[in-house]
Amino acid sequence: MSDKEQLDLLVQRYADLRAEIAKVIVGQTDAVDSLLLTLFSGGHCLLLGVPGLAKTLMVSTLARTLGLTFNRIQFTPDLMPSDITGSEILDQNRQLQFLRGPLFAGIVLADEINRTPPKTQAALLEAMQEHSVTVSGTTYQLPAPFFVLATQNPIEQEGTYPLPEAQLDRFMFNVRLDYPSFDEEVQIVKQTTAHATPQVQQVLDAQQILDTQQAIRRMPVADNVVRHAVSLVAATRPGSAQNTQNPKLDTGKYISYGAGPRASQYLILGAKSHAAIHGKYSPDNDDVDAVALAILRHRIVLSYFAQAENLTTDDIIKNIINAQN
C-alpha cells in the first residue's frame with residue numbers, strides 16, 4: 001500500500017476511532033485527539049487532571065480500539081525500578097529466568113508518575129526513549145508500538161517527586177483535562193450508573209499502527225513550515241534573535257528557560273499527524289500552531305515576573321504564536 005493510500009485510509013480510521021471511544025468517553029475531545037496524535041507520531045503523552053476525569057478508562061478504551069495489550073502501573077513511593085521493568089528469578093531448575101514487568105505492553109498507563117522516587121521515574125523514561133530495558137546486562141526489547149501515558153494530579157503535591165524539566169522533555173504532549181460541561185456530566189452519570197456497559201470494536205492493529213506511523217514520517221514538509229516550527233521554539237528562549245527582533249514579544253522577561261531542539265522535532269511530527277487526520281498530504285503553519293500548545297507548555301520555565309503577573313505557560317505560548325503569525 002502506498003503512502004497516499006495509507007493517509008487516505010487514516011482519515012476514515014481516525015473518525016472510526018473517535019466514534020468508538022465516544023461510546024465510552026463523554027466529551028474530552030481535545031484530550032482524545034491529543035492521544036491519537038501522539039500515537040500516530042510515535043510519542044508519549046503526559047496527562048494532567050484532577051481525580052475522577054476517566055483518565056484510566058480513556059486509555060484502556062483506546063487500547064481496546066487498537067487491539068493492543070494494556071497495563072496500568074500505580075506509582076507509589078516504594079515502587080522500585082525492577083517492579084516495572086521486571087527481574088530475574090530462579091526457576092525450579094535453579095536457572096535464572098527473566099520475569100517481564102508491566103512495561104511489556106503496547107499501552108502503559110503510568111498513574112501518578114510523580115508519586116514515585118526519581119530512580120523509578122528514570123527507569124520508565126529510559127524505556128520510553130530506548131524502547132527497551134536492560135536487566136543484569138541483558139537488553140530486552142519492548143513491544144512495538146509502545147505508547148506511555150503518564151498522569152499527574154495537579155492539586156495534591158504533598159509527598160510527590162515532581163519530574164525535572166529534562167525528564168518532562170521526553171513526553172511529546174502535555175494534555176490538560178478539564179471538568180466536563182453540565183450536560184456532559186449529566187450524560188456521564190446516566191451512562192455510568194446504568195446496567196449496560198458500552199462495548200467498543202477494534203479499529204486498528206499493531207502492524208497497521210506501525211505502517212501509519214511510517215507513512216506519516218515520510219510526509220514531505222516545506223522549508224517554510226520547518227522554519228516556522230523552529231522559530232516558535234526559538235522564541236521561547238530568552239535572548240534569541242526571534243525575541244530581540246520582534247517588538248511584540250518580550251519573552252525574555254517572563255521565561256527563565258525555553259524549549260530545546262526536541263520541541264522542534266515534535267512540532268513537525270505533530271503537525272504531520274495533524275495534517276494527516278484532516279486529509280492533507282503535507283502540513284502547513286496552521287498544523288504546527290494547532291499542536292504547539294500541548295508540545296511547548298511543559299518545556300518552558302517561567303520567571304518570577306510571570307508568576308507575579310499571574311501569567312501561565314499557555315498565555316506565553318499563545319502570545320508567541322500570535323507574534324510569529
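**Exercise 1. Decide how well strand E8 is covered, and on which faces.**

Solution. Start with the terms. Strands (E, at least two residues) and helices (H or I, at least four) are DSSP runs, numbered from the N terminus. Buried means under 20% relative accessible area, exposed means over 50%, and partly exposed lies in between (1.4 Å probe, protein chains only). Now count: 6 of the 6 residues of E8 are buried. Then take each face. Phe147, Leu149 and Thr151 are buried on one side. Val148, Ala150 and Gln152 are buried on the other. Both faces of E8 are covered.

A note on the source: this is a predicted model, where local features need pLDDT of at least 70, side-chain atom pairs count only at pLDDT 80 or more, and totals for chains, interfaces and linings use all residues. Residues are numbered from 1 along each chain as its sequence is written, and side-chain values use heavy atoms, with hydrogens and water left out.

**Exercise 2. Work out the strand order of the open sheet and find its edges.**

Solution. Two strands pair if DSSP finds at least two bridges between them.

- E5 and E8 run parallel, joined by 4 bridges. Here Ala110 has Ala150 as its bridge partner in E8.
- E1 and E8 also pair in the parallel sense, over 4 bridges. Leu46 has Ala150 as its partner in E8.
- E1 (residues 45-48) and E9 run parallel, again with 4 bridges. Leu48 meets Arg176 of E9.

**Exercise 3. Classify the ring pairs Phe98–Tyr140 and Tyr304–Phe305.**

Solution. Rings of Phe, Tyr and Trp (its six-membered ring) pair if their centres lie within 6.5 Å; planes under 30 degrees apart are stacked, over 60 edge-to-face, the rest tilted. The count is 3 aromatic pairs. Phe98 and Tyr140 have centres 3.9 Å apart and planes at 10 degrees, so they are stacked. Tyr304 and Phe305 sit 6.1 Å centre to centre, with 65 degrees between planes: edge-to-face. Tyr304 is exposed at 63% relative accessibility. Phe305, at 45%, is partly exposed.
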